[in-house]
Structure formats: structure tokens, C-alpha cells
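Me: I am new to this structure and would like to know what the terms used for it rest on. Please take them one at a time.

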Amino acid sequence: MNPSADGWQEAYVKARDFVSQLTLAEKVNLTTGIGWESGQCVGEVGSVPRLGLRGLCMQDSPLGIRFGDFASAFTSGQTVAASFDRSLMYRRGEAMGAEHKGKGVNVVLGPVAGPLGRTPEGGRNWEGFSPDPYLTGVAIGETIKGIQDAGVVACAKHFILNEQEHFRQVGEANGYGYDIDETLSSNIDDKTLHETYLWPFADAVRAGVGAVMCSYQQVNNSYACQNSKTMNGLLKGELGFQGFVMSDWQAQHAGVPSAVAGMDMAMPGDTEFNTGRSFWGTNLTVAVLNGTLPAYRIDDMAMRIMAAFFKVGQTVDNIPPVTLDSWTSDTFGWLHASVKDSWQQVNWHKDVQADHGSLIREIAGKSTVLLKNNGVLPLKKPKFLAVIGEDAGPNYQGPNGCGDRGCDQGTLAMGWGSGTANFPYLSTPLDALNQQAINDHTRLEAVLTNYDTTTIENLVKQDSAIALVFVNADSGEGYINVDGNEGDRKNLTLWKNGDELIKTVAANNNNTVVVIHSVGPTLVTDWYDNSNVTAILWAGLPGQESGNAIVDVLYGRVNPAARTPFTWAAQRTDYGADVLYEPNNGKGAPQQDFTEGNFIDYRALDKAGIKPIFEFGFGLSYSTFKYSNLKIQKNNAGAYKATKGKTAKAPTFGTISKKIEDYVFPSSIRYIREYIYPFLNTTSLKDSSADPDYGKTAAQFLPPNAVDASAQKLQPAAPGLTDTPGGNAQLWDELYIVTADITNTGSVVGDEVPQLYVSLGGADDPKIVLRGFDRIRIDPGQTATFRAPITRRDLSNWDVASQNWVVSKSPKTVYVGPSSRNLPLSAKL
């Protein structure tokens with residue numbers, strides 16, 4: 001750690017004072033999970049009872065509290081990204097943080113920038129924000145600030161290049177019949193890594209994130225959780241990250257190598273679930289005692305964990321108890337669930353929802369994208385509504401009837417996997433439409449199946465019927481297979497015959513409105529331009545207020561202004577990149593080569609000259625807007641200088657006893673089976689380790705200089721010793737200020753989302769890249785001014801030779817408009 005890093009100085013002092021009091025066993029306890037299902041949370045580290053610190057609680061998810069009751073189910077990250085509203089991103093993060101804190105959680109396992117969304121089929125794209133790194137960077141930064149302002153540590157994940165579910169874990173892949181021995185390797189060049197995938201993590205670090213989770217897969221054939229280049233070199237060195245790196249659950253593949261490569265916390269602690277074995281725990285204690293792991297590294301691990309803890313305002317003496325349990329919804333249960341030990345109260349059923357339902361409704365409404373409207377919307381006391389599709393109604397098993405939401409039954413309001421939460425309730429579209437119909441004296445009939453063609457046709461062809469068709473497409477984490485979708489989507493079609501359903505309705509009704517709930521783009525090519533399809537809306541994954549929010553938009557209580565955070569292409573191949581569905585390296589690690597470079601999503605279509613159906617950043621309103629008067633002010637920011645200097649020599653804190661007998665399992669502690677401890681079971685280090693390769697020195701199995709404690713040169717793109725982490729401070733110099741006037745030329749008040757794009761001008765650069773946006777409320781006939789700075793970072797490319805950011809001599813052009821393909825204003829810089 002750097003004691004002078006801006007924003008971390010006070011936390012560093014508090015961590016130093018605490019860690020200096022710890023024994024080696026206590027330091028190891030902070031770094032090692034206690035094992036899967038060995039505590040109440042999905043992840044817990046050991047405690048320091050001597051100093052009053054209980055084990056820290058790590059809990060999913062990026063959209064709420066996984067396994068929690070009386071807690072909210074928020075919109076997905078991808079959905080709030082569509083709002084293009086920084087305030088909503090922050091408020092969502094703050095509300096989620098407050099709920100986690102209310103349950104006694106210390107670290108929220110989110111938000112997500114990996115997957116970024118390299119391929120639209122990627123199973124967990126919805127957990128993140130957007131395939132555009134700038135939009136994801138803004139969204140993850142605002143979310144982190146909100147979570148941590150609420151008093152809990154945010155954990156940015158999954159670092160890095162975790163872009164698909166297939167082959168992320170060997171056991172999982174073997175279970176699906178794939179005969180591989182190693183996980184997928186994401187292979188990438190240095191330039192693409194910096195300009196696309198590392199970009200949002202730099203924003204996360206600059207926002208002060210306390211934790212980062214390393215990912216399952218390999219990066220250039222080195223496991224991400226023992227990859228020194230990515231963790232030490234990029235994250236901690238180049239970005240100056242001061243918090244701690246935790247492993248994804250079972251993503252650790254070695255002991256000392258992962259520690260010296262930069263990993264600080266092992267989750268959930270056991271090598272495989274419920275084995276009682278650990279690469280760390282006892283083995284980490286052994287490694288320090290026998291000299292293979294230097295004392296400074298265990299001290300640095302403990303320092304980073306405690307500094308993150310203190311940075312968000314948590315204290316040892318007032319740390320609240322954990323009031324939830326991940327393994328049972330009952331009030332009483334086993335504290336150590338995997339071995340059925342210590343029966344006690346484990347759930348307090350604390351209600352932490354506050355008024356967050358109103359916020360979720362606001363976010364969901366303001367994140368609904370109007371993709372097409374021939375004048376049917378907004379609805380005004382319609383005479384007759386025919387509501388069609390399973391997605392309009394409830395899951396017949398209840399909103400939480402499928403574990404971790406691992407099914408597609410009823411309306412889709414979140415994807416599946418560990419990134420989920422329990423619904424406290426779920427407002428379905430039909431619920432809210434029925435209430436509106438009662439208020440308006442509208443006739444409403446619904447058919448909640450996608451397959452009863454005769455009944456559907458007979459209903460929608462009746463006079464005066466406006467047909468509302470609800471369809472969806474789902475995905476999630478790889479440990480759940482839904483209808484042959486092993487996390488990643490098999491294709492980009494709508495689920496449950498959705499495309500055919502729309503075509504059937506449109507063939508019998510000339511006023512068909514389509515609402516899509518999905519985890520990303522779907523192929524709408526066959527029906528979007530049908531004249532009988534009069535409106536299309538993408539409502540994303542709206543969370544618990546789904547029905548109320550879509551009715552707000554359909555009836556005009558919310559004037560839509562959201563923008564699609566991804567591209568809707570005409571065909572799957574237009575995106576350029578795709579999921580690797582079959583192993584391509586024998587039994588070895590499947591090789592996923594990122595040969596497309598920076599050209600993903602709209603950048604890929606721009607490069608290929610392909611016209612999308614709906615471009616990135618597109619969205620309609622019930623009003624109209626005119627752009628004019630582009631102005632550019634140039635600032636005198638000075639020349640960019642590479643960072644120079646050195647770190648201090650790696651420090652140690654406190655003293656470590658070298659007496660092996662001091663670490664033998666204490667007789668005063670009752671042994672719990674499968675629980676991970678820092679203690680030895682004998683005074684023989686070899687026997688305690690149970691490592692078949694025990695006896696090798698660090699020099700025999702670690703790279704040269706892996707345990708070097710000397711002062712290190714600062715990287716040229718790194719922050720200075722007193723700068724804010726996130727990269728060289730001058731990257732955030734504002735080189736230009738861009739302004740433009742936007743006039744509401746319509747008849748209703750509405751928000752507009754102006755977007756600023758830049759052409760970097762190089763032959764290998766994308767045609768344009770997003771570099772600014774805002775969401776501005778404008779009354780009819782009024783004009784507002786859009787203002788956006790352009791930073792040095794915004795205009796820079798990564799130079800692999802100098803290992804630094806450079807502004808090339810290529811001509812730079814700025815564009816302003818309402819979407820990536822509608823940019824009426826432009827100027828040379």
C-alpha cells in the first residue's frame with residue numbers, strides 16, 4: 001500500500017494501527033475464507049476475537065441481497081445504464097449499500113465491469129452495464145461511490161476478461177460433458193486490454209473502490225487470480241489500487257503463487273466447496289514460517305483488507321452483527337450449515353427496504369427505451385387492451401420459485417445466477433395494467449401463454465383492440481442450465497416462441513405494441529418494421545417494480561428518454577465476436593482469442609460499414625429535440641508527463657513469532673469440521689501443510705524477483721505517490737469544454753440525452769467512441785445547454801512501446817447528438 005495515496009491516508013493509519021497488533025495467525029485469518037457454508041454469508045473470513053473483530057461478511061449481489069428477505073430487488077446494472085443518468089446510478093448504489101449494511105454485510109460483491117459485453121450472448125452481461133467502456137466506467141464509478149457512501153465496501157468484478165460462461169471452471173464444464181483439464185484462456189493484446197477492458201476498472205479505482213474480485217478464467221494462459229501482470233502490474237501498479245483483491249469462489253489455483261501475484265483474500269477459503277482443504281489458511285501460516293512467503297506480503301494483504309474496511313467508515317468496536325443467513329430462510333438453523341453444527345438463531349428477518357421501491361420504480365421507468373412509436377403511445381384511456389404473452393404475468397411457482405432465478409417462467413425481471421436477489425414482491429405488467437384499466441374503465445383481457453394461437457388470434461383481431469405483446473430472453477451464470485442455455489445464450493432469438501408470437505399478433509392486429517424484457521439485444525429483423533407493429537419498448541430487467549414502471553411509460557407518466565446501452569444488429573454475425581461454445585484445444589485450456597481488438601458492439605458495425613436496426617445510444621421520446629450552437633473551448637492543461645519516482649521499501653507491521661508451537665491448534669477452540677483455520681495440527685510444518693510438493697524453496701517455483709521487497713519504480717501511467725488512484729493524474733486534465741444547445745421542439749416536457757463522441761483519427765481506431773453524455777430535463781419550447789469536458793484520457797491511445805497513454809497526431813473530431821448514428825453537430829479539435 002501507499003500511505004500517501006489521496007483518499008486513503010486516514011484509512012491507512014487506522015489499518016496500520018490495527019494490523020500492527022495482530023499475530024501471524026490473526027493476519028492469516030483476515031485473508032482466508034472460513035469455507036463454503038461455514039458461516040451465514042456466501043463468504044466470510046476468520047475473526048480476530050482478541051481485538052473484537054468478527055469475521056467480515058461478503059454477500060452477493062450487484063442488484064440486491066442474494067438470499068436476503070425483506071430486502072429489495074433492484075434493476076439490473078445493464079438496465080440502469082440505459083438511463084444514461086449519473087444520479088440514478090449513484091442513488092441505486094447508495095440504496096443497495098444501505099440495505100446490505102442493514103443486514104450486517106461488510107462487502108457487497110458488485111458492481112460489475114467484467115463481463116463488459118464482448119459478445120451479446122454472454123450470460124452475465126446484464127449484471128454489468130454496457131459493452132461501451134466509457135458508459136460502463138461512469139456507471140461503475142457512480143455505483144461504487146453510492147455503495148461506499150452508505151458504509152459498505154464495494155467489490156468491482158470480475159477482473160479481467162471474464163467475457164463468457166462456457167469453460168470458466170473445469171468442474172462445471174465437465175458436468176456439461178466437455179472434456180477439458182484447464183479453464184478458458186482469454187487472449188488479448190496490450191492495446192485492446194487498456195483501451196477497452198481495463199478502462200472501466202480505472203474508473204472503479206478512481207472512485208475509491210475498496211475491493212476487486214479476480215476472475216475464473218485465464219488471461220493469456222495465466223490464471224487471473226495468480227496473474228501478476230494483471231493484479232500487480234496493471235491493477236496495483238499502473239492504476240495504483242489501494243484496496244484488496246479477492247478471488248472469485250474457487251478461482252484460486254495455488255497458494256504462495258497467488259499471494260505474490262497480488263491476491264489478498266481467498267474466497268470462500270476451501271480449494272473446492274466443503275473439502276476443508278485450503279491453499280491458504282494453515283498453508284499460508286506455514287509459508288510465512290518457512291520463508292517461502294515474505295512477512296511483508298501477509299502484512300500488505302491484511303493492511304489492504306482493513307484499509308478498505310476503515311475507508312467506508314466501518315469500525316471494529318461498532319461493527320453490527322450479521323442478521324441474514326444464506327442457507328436457510330428459517331429463523332433458526334445451523335451456524336455451520338455444511339456440517340450441521342451449532343444450532344442457533346441465524347435469521348432476524350430485518351426489513352431494510354425503506355422506500356426503495358419508489359426508487360426502483362423511478363429507475364425502471366427512466367431506463368425503459370422506446371425503440372419505435374408510430375403515435376400509439378402514450379396510451380390515453382384506451383377502449384380495449386389485449387395483453388398477450390407469458391411475460392406479462394406471474395411465475396406460477398411464485399417470483400422466487402426457481403432457485404437463484406434459474407428458470408424463465410412468467411415475467412422476466414432479473415437474470416439467473418449468483419447475481420440475483422429474492423423479490424419481496426413482483427409487480428407484473430398484468431397487475432399494473434389491470435389496475436390502470438380499472439381506473440380508466442378500459443376493457444382488458446389477457447392470454448398468458450405464447451402457444452395458444454387460436455385463442456390469441458380470436459382475441460387480438462377484435463375491433464378497437466390495442467395488442468400489448470410481452471416477450472423475453474434470459475441468461476445467467478454458468479452453473480445453471482435453462483433450456484440448454486449453459487449460462488450464455490445459445491442464440492439471440494426471443495425465448496418461448498416470442499418472435500412467432502409477435503408475428504401472429506401483428507398479422508391479426510394493426511396496433512401491436514411489443515415490450516421486450518431481456519438480458520441484451522435480440523434479433524428483431526423479421527418483424528420490427530411491420531407496419532402493424534406500432535411501438536417497441538425495451539424494458540430490460542426492471543426488478544420488483546416491473547409492472548408499475550412499464551405502465552408509467554406506456555401511459556406517459558414517464559416520458560421516455562432512455563437510450564439502448566448496446567446495439568441491436570440485424571443478424572448475429574454483425575457483432576463480429578461470439579462465444580466459444582466448443583473446446584478448441586483438446587483437453588487443454590480452450591483458447592478464446594480477442595482478435596477483433598477494440599471493435600465490439602457499435603464499434604464493430606461501424607468498422608464493417610453495417611447498418612444496425614437500432615444503434616447504440618438510440619431511444620425515442622414523446623417529445624422532439626433540436627441540437628444547435630456547438631462550441632468548443634480549449635484549456636491550457638500543459639504537457640503530459642510520465643510519472644517518475646519510486647515506492648517505499650515494502651514495510652512490515654508488528655512482529656511475527658517464529659516459534660512453531662505458537663501456531664498449533666489451541667485446545668481452547670472447539671474444532672469444526674470443514675472450517676478453515678490458520679492453525680497447524682502438528683509442530684511439523686510439512687505434515688501440517690499436507691502439500692505433496694512441500695520442501696521447494698521460493699526460488700524453485702516462483703519467478704525471479706517475485707518476493708522482492710525493495711523500492712519499485714513507479715510506472716509512467718501510474719498515479720504519483722500523493723495522487724488519487726486510477727492512473728496518471730494528468731489523464732483527467734480537461735483539455736476541452738464542449739457545449740451545445742438543445743431545444744425541446746415538442747409539446748410535452750421531457751428529458752433528452754445528448755451524447756458526445758470523438759473520432760481519434762487513427763487508422764486502427766474505431767470510427768467514433770463515446771466520451772460524454774448527460775440527461776437534461778427541458779420544458780416545451782425551452783433551450784438547455786449541454787456541457788461536457790474532454791479529458792486527456794478521452795483523446796489518448798495506449799502506446800505499447802512507452803507503456804503509456806499518448807495523444808496521437810491524428811486529426812481529432814468531436815460529435816454531439818442523440819445517438820451514435822445521429823450526430824448533427826461536429827467540429828475539429
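Reply: Buried means under 20% relative accessible area, exposed means over 50%, and partly exposed is in between. The model here is a predicted one.

Me: Why is Asp404 called buried?

Reply: Asp404 has a relative accessible area of 13%. The cut-off for buried is under 20%, so Asp404 counts as buried. Asp404 sits in the loop between strand 12 (384–388) and helix 14 (429–440). Its phi is positive, about 50°, although Asp404 is not a glycine.

Me: What makes Lys496 partly exposed?

Reply: The relative accessible area of Lys496 is 28%. Lys496 is placed in the loop between strand 14 (465–473) and helix 16 (498–508). Lys496 is not a glycine, yet has a positive phi of about 55°.

Me: How do you know that Thr453 is partly exposed?

Reply: Thr453 has a relative accessible area of 35%. Buried would need under 20% and exposed over 50%, so Thr453 is partly exposed. Thr453 belongs to helix 15 (residues 453–460). From C-alpha to C-alpha, Thr453 and Ala5 are 64 Å apart in space, and 448 residues apart in sequence.

Me: Why are helix 4 and helix 5 called oblique to each other?

Reply: The axes of helix 4 (residues 86–102) and helix 5 cross at roughly 40°. Roughly parallel needs an angle under 35 degrees, and roughly perpendicular runs from 65 to 115. Helix 4 and helix 5 are therefore oblique to each other. Their axes come within 7 Å, and the crossing is right-handed.

Me: Which kinds of residues make up the contact of helix 4 with helix 5?

Reply: The contact residues divide into eight nonpolar, four polar and six charged. Those in helix 4 include Met89, Tyr90 and Arg92, and those in helix 5 include Leu135, Val138 and Glu142. Contact requires heavy atoms within 4.5 Å.

Me: What makes strand 7 and strand 17 edge strands?

Reply: The open sheet has three strands in the order 7-5-17, with parallel pairing. Strand 7 (218–219) and strand 17 (591–593) each have a single partner strand, so one side of each is left without a neighbour in the sheet.

Me: How do you know that strand 5 and strand 17 pair?

Reply: Pairing requires at least two bridges. Strand 5 (residues 185–187) and strand 17 have three bridges, in the parallel sense. Ser186 stands opposite Gln592 in strand 17.

Me: And what makes strand 21 and strand 22 a pair?

Reply: Strand 21 (residues 755–759) and strand 22 have four bridges, in the antiparallel sense, and at least two are needed. Leu756 is opposite Gly772 in strand 22.

Me: Why is strand 22 described as mostly covered?

Reply: Five of the five residues in strand 22 (residues 769–773) are buried. The cut-off for each is under 20% relative accessible area.

Me: Where are cis peptide bonds found?

Reply: One of them runs from Gly114 to Pro115, with omega near 15°. Pro115 is in the loop between strand 3 (107–108) and helix 5 (133–149). The bond from Lys157 to His158 is also cis, with omega near -10°. His158 is part of strand 4 (residues 153–159).

Conventions
Residues numbered from 1 in each chain as written. Predicted model: local features only at pLDDT ≥ 70, side-chain atom pairs only at ≥ 80, totals over all residues. Heavy atoms only, no water. Buried < 20%, exposed > 50% of the residue type's maximum accessible area, 1.4 Å probe, protein only. Helix = DSSP H or I, 4+ residues; strand = E, 2+ residues; numbered from the N terminus. Axes fitted to C-alpha atoms, helices over the stretch in contact; angles between N-to-C directions. Parallel < 35°, antiparallel > 145°, perpendicular 65-115°, else oblique. Left-handed = near helix turned anticlockwise from the far one by under 90°. Nonpolar A, V, L, I, M, F, W, Y, C, P; charged D, E, K, R; others polar.
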